[in-house]
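Please look over the structure shown here before reading the report. The text below is meant for a reader who is meeting this structure for the first time.

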Amino acid sequence: MVRLHTMLNTRSAFAVLSRRPYICQACLRRTKRAQLAPLKAIRTLQTNSQSPQPSDTPFRKALKDASKQQKKEKRSNGGSSRPSQQELDPRLEKWELTVGIEIHAELNTARKLFSGTATSIGAEPNSHVSLFDVAFPGSQPHFQKETLIPALRGALALNCTIQRKSSFDRKHYFYQDQPAGYQITQYYEPFARDGHIILYAHDFPPGTAPAECPITIGIKQVQMEQDTAKTVQQPPSTHLLDFNRVSHPLIEIITLPQIHDPTVAAVCVRKIQTILKTVNACTAGMEMGGLRADVNVSVRERSSEIGEHSYYGVTGLGQRTEIKNLASVKAVEDAIVAERDRQIDLLESGGAVEGETRGWTLGSKTTKRLRGKEGEIDYRYMPDPDIASVILGEDLISHLRTSLPKLPDTMVDTLTEHYGLSTKDAGTLLSLDDGDRLDYFFGVMERLCGSDLPNTDQSHLGRIAGNWVLMELGSLFKDLDWDPSRVTVEHLAFIITQLQRKNITSRSAKKLLLMKFEGDARPMKNIIDEENLTLTPLSTAEYEALARALVDEKPDMVKDIVEKGQEKKVKWFVGQMMARSAEGSVEPDVAETVLRKQLGLTDAGPVW
């Protein structure tokens with residue numbers, strides 16, 4: 001390998017590269033979508049309620065009642081609070097959205113696709129570049145066959161049929177990030193075809209799953225190709241090029257145009273990213289630039305087919321536009337919404353949608369034209385004469401298929417059926433920290449199941465461990481990067497064990513967790529002894545006296561519990577009993593049992 005700066009004297013065309021290094025520090029983070037309660041909810045309440053609100057009803061009261069009405073409708077609709085597309089935009093009764101996605105994922109390989117140069121992320125610009133990467137005259141591609149392994153794992157995980165024979169082609173276009181004037185890809189004979197991905201309700205954020213779940217989205221093909229250089233713009237007119245990324249192995253995943261909802265498209269991208277990470281196929285997610293998405297967007301009238309436009313073999317669709325290089329899941333959804341609305345506005349005003357490539361930036365309300373859309377004839381695809389066909393043995397394919405790790409959907413089933421977690425908690429555990437939080441959970445469970453606890457039922461312990469990993473530790477790491485060394489697997493397993501044996505209370509357990517999180521280096525047993533965290537339970541008479549005093553202080557709350565059935569308020573009384581007692585002296589379940597007896601609710605039993 002020859003470092004690029006030694007070439008610059010012989011190839012002045014790349015002199016711009018020597019201006020200064022560039023290290024990308026941009027990291028697009030997913031932002032939470034705000035769900036605003038629409039005023040329509042109030043109008044619906046006033047229309048449908050048997051006792052309409054009087055005109056002088058305070059506005060906040062009306063909002064509160066509207067919220068209650070929405071929750072009631074949510075329960076009657078099976079728990080889904082997601083409004084339909086037509087409710088969000090009545091024009092969608094007339095117009096149907098169609099989306100196809102092209103996902104480019106950087107493969108997890110040590111070498112580049114056509115040279116022995118090391119791949120790199122965040123290295124000094126132009127420090128990992130070969131002669132072939134910059135199209136030096138006479139340099140030749142040398143296919144690195146080991147790059148096939150992560151590509152095959154990814155395609156198998158996406159339920160694709162692996163082609164025993166595949167080949168590489170040249171896709172011609174002239175742009176500063178492609179020094180050869182063409183990109184090497186697989187067009188005529190990709191290595192994988194005919195896959196699919198299934199989206200279940202647990203893949204969606206709470207309350208957003210469509211009624212038609214599960215949704216199957218076809219994958220037309222998966223192909224290998226080389227990445228391009230990274231262009232760094234310095235306004236007003238300077239462009240720096242970092243060739244480290246050139247020829248980094250990619251797979252391009254092309255879905256069929258079977259998506260009709262922006263949220264479904266975003267969830268599809270996120271799930272594909274999760275699957276690729278699970279099977280160790282890709283280096284990083286969208287937040288680190290290791291995965292990018294292009295979306296093809298079209299609209300058509302629902303009542304009739306528009307023209308004869310087609311893409312990916314589907315006819316009767318509206319004219320599509322392509323939005324390039326979307327770098328976050330949120331960007332995928334927001335860009336589709338913006339382009340859908342732009343096309344509808346254009347068609348309803350008598351205009352026509354042009355086939356073009358468009359761009360979108362985070363926070364924008366509309367897409368912008370970049371260039372006319374290239375077609376197959378523009379790219380002048382041709383087989384690459386310098387690269388031989390790739391022939392795969394069935395033994396390799398079978399070995400990779402049988403050695404794949406458990407995929408996310410299988411893992412969700414395992415977590416819910418064997419470890420007692422809810423579907424929501426299982427999905428959250430899978431999505432956190434690139435799988436590190438899941439590994440941590442299993443480490444805790446391994447130690448708990450190997451202990452001599454009085455109740456070693458795996459589902460029971462799984463629910464307890466899941467709550468501590470997701471809720472208690474989750475709150476501590478809320479604004480910090482996940483670092484399991486702060487509270488090790490052994491630490492958390494010890495805390496849960498002590499709590500289950502009733503050696504400490506839950507309040508003491510949380511205090512112990514916080515002390516370890518903040519760096520207390522003392523052995524756990526020493527902390528319990530020195531901080532007086534050992535459980536010294538109250539007598540039955542003391543529990544009853546404490547409960548009676550609280551009940552006498554709050555007759556209004558007692559009335560709400562007994563007469564209105566607001567039994568969640570019992571928790572408040574339990575919290576007060578713990579707060580008014582010495583550390584480690586009140587067991588929540590015992591306190592609740594005594595309280596419920598005082599309130600005449602003993603038939604229901606404790607709900608802690």
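The report takes up the sheet, a pair of strands and the nonpolar cores in turn.

## Basis of the model

This is a predicted model, in which local features need pLDDT of at least 70 and side-chain atom pairs count only at pLDDT 80 or more, while totals for chains, interfaces and linings use all residues. Residues are numbered from 1 along each chain as its sequence is written, and side-chain values use heavy atoms, with hydrogens and water left out.

## The open sheet

Nine strands, in the order E2-E6-E7-E10-E1-E11-E14-E15-E16, make up an open sheet of mixed pairing; strands (E, at least two residues) and helices (H or I, at least four) are DSSP runs numbered from the N terminus, and two strands pair if DSSP finds at least two bridges between them. At the edges lie strand E2 (161-162) and strand E16 (368-372), each of which pairs on one side only.

Within the sheet, strand E7 (residues 215-226) and strand E10 (residues 249-255) run antiparallel and are joined by seven bridges, with Glu 225 opposite Leu 250 in E10.

## Strands E4 and E5

Strand E4 (residues 169-172) pairs with E5 in the antiparallel sense over four bridges, and Arg 170 stands opposite Ile 184 in E5.

## The nonpolar cores

A nonpolar core is a set of buried (under 20% relative accessible area, 1.4 Å probe, protein chains only) Ala, Val, Leu, Ile, Met, Phe, Trp, Tyr and Cys residues joined through side-chain atoms within 4.5 Å. The largest has 68 residues, and Ile 101 and Ile 251 have the most contacts inside it; helix H5 (residues 262-278) gives the largest share of this core, eight residues. Apart from it lies another core of 42 residues, including Leu 438 and Phe 441.

Conventions
Buried < 20%, exposed > 50% of the residue type's maximum accessible area, 1.4 Å probe, protein only.
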